[in-house]
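Subject: Structure for your records

Hello,

Here is the structure I said I would pass on. My notes on what turned up in it follow below.

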Amino acid sequence: MQPVLIVVHDYPPILSAGAERIVKFAHYLPAFGFRPLILTTGRYGGQATDAAQGVFRAHDLVHTLFSGLRGRAAADVAQEAQFRVATLSSQSLLGRLRDQIMAPDTKLGWLLPAVRQGSRVIAQQRPALIFSTSPPETAHLIARRLAHRHHLPWVADLRDGWLFEPPNPAVRQAAWRRAVEHRLEAGVIASAQAIVTATGPIADDLRTRYPTADGRIHTVSNGFDAAEFQGLQRQRRPDGVFRLVYTGALSASRQGTSAAAFFAGLAQFMHARPAIPLQVIVIGDTSPAEQAARPTTA
């Protein structure tokens, strides 16, 4: 099988939708003749299976610098959820400064160690291709350096837009920041042999702003693994309750965002349509602020 180096920040022990996408890619790539090599962060520790599964971790310089402070902030948080804990609150002065000046994202401290680790992996494993996935966009900067240095083809995967509807648009409002990130984004689009997006609108935006890249832009949407649902049967409960089920984190998955608008709309609906029995089930982590904002009756 041909080795493929996958540059991904969000990977187990991190549990997130972004991590799940790449975990499934890695799981099914061998069926197509490719052996995945995972280059990821060591910021949140590792797993006992790393060596057997071809997982290579690089530390984060910024994380190392603030390790004492972060250790206190994440002391009582499970390993798989620590990526949601901010070393510095986005509401603090230092947190706002960090978010504003670290372009393209706050994982920039991972770049140089990952390039060094990636070069060692390439020298030892001789991959045929580099595949990087964002967010964070730092993964693409790592892959671009590695691809250029080792003369390897490279595929860039965008699970979220970069300048188009980014997960945290507030940090990209300044003109200088948008100019810097436009240059970085343009460099990635120009350099990658192929660009994959998780949604059609992201692909459409890239085709509009980078028309010469049209033929290199493709969409591989998120989906589900049918193997995980084998043997399960769909059942409807007879109580007439309309249920909305959300799996995953709400605003806790993104620093600086809020679920307040969702809860406000839910409260308005409940007030306007009290005769409709409604239940909202969130399966995943919720923050104290989210628990306080949720409507108290349903």
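The buried residues of helix 8 are covered by, among others, strand 5, helix 7 (175-191), strand 6 and strand 7. Please keep in mind that this is a predicted model.

The residues in question are Ile 202, Ala 203, Asp 205 and Leu 206, which are buried in helix 8 (residues 200-209). Viewed down the axis of helix 8, its buried residues fall within an arc of 160°, so they line one face of the helix.

Seven strands make up an open sheet with parallel pairing, in the order 3-2-1-4-5-6-7. Strand 3 (55-58) and strand 7 (217-219) are at the edges with a single partner strand each, so one side of each has no neighbour in the sheet. On average, neighbouring strands of this sheet are turned by 25° against each other, direction ignored.

Within the sheet, strand 1 (residues 2-7) and strand 4 (residues 129-134) run parallel and are joined by four bridges. Val 4 has Leu 129 in strand 4 as its bridge partner.

Helix 1 (residues 17-28) lies across strand 1, strand 2 (34-41), strand 4, strand 5 (154-158) and strand 6 (194-197). Its direction is at about 155° to strand 4.

Regards

Technical notes: Residues are numbered from 1 along each chain as its sequence is written. This is a predicted model: local features need pLDDT of at least 70, side-chain atom pairs count only at pLDDT 80 or more; totals for chains, interfaces and linings use all residues. Side-chain values use heavy atoms; hydrogens and water are left out. Two strands pair if DSSP finds at least two bridges between them. Helices (H or I, at least four residues) and strands (E, at least two) are DSSP runs, numbered from the N terminus. Axes are lines fitted to C-alpha atoms, for helices over the stretch in contact, and angles run from 0 to 180 degrees between N-to-C directions. Contact means heavy atoms within 4.5 Å. Buried means under 20% relative accessible area, exposed over 50%, partly exposed in between (1.4 Å probe, protein chains only). The arc is that of the directions from the helix axis to the C-beta atoms.
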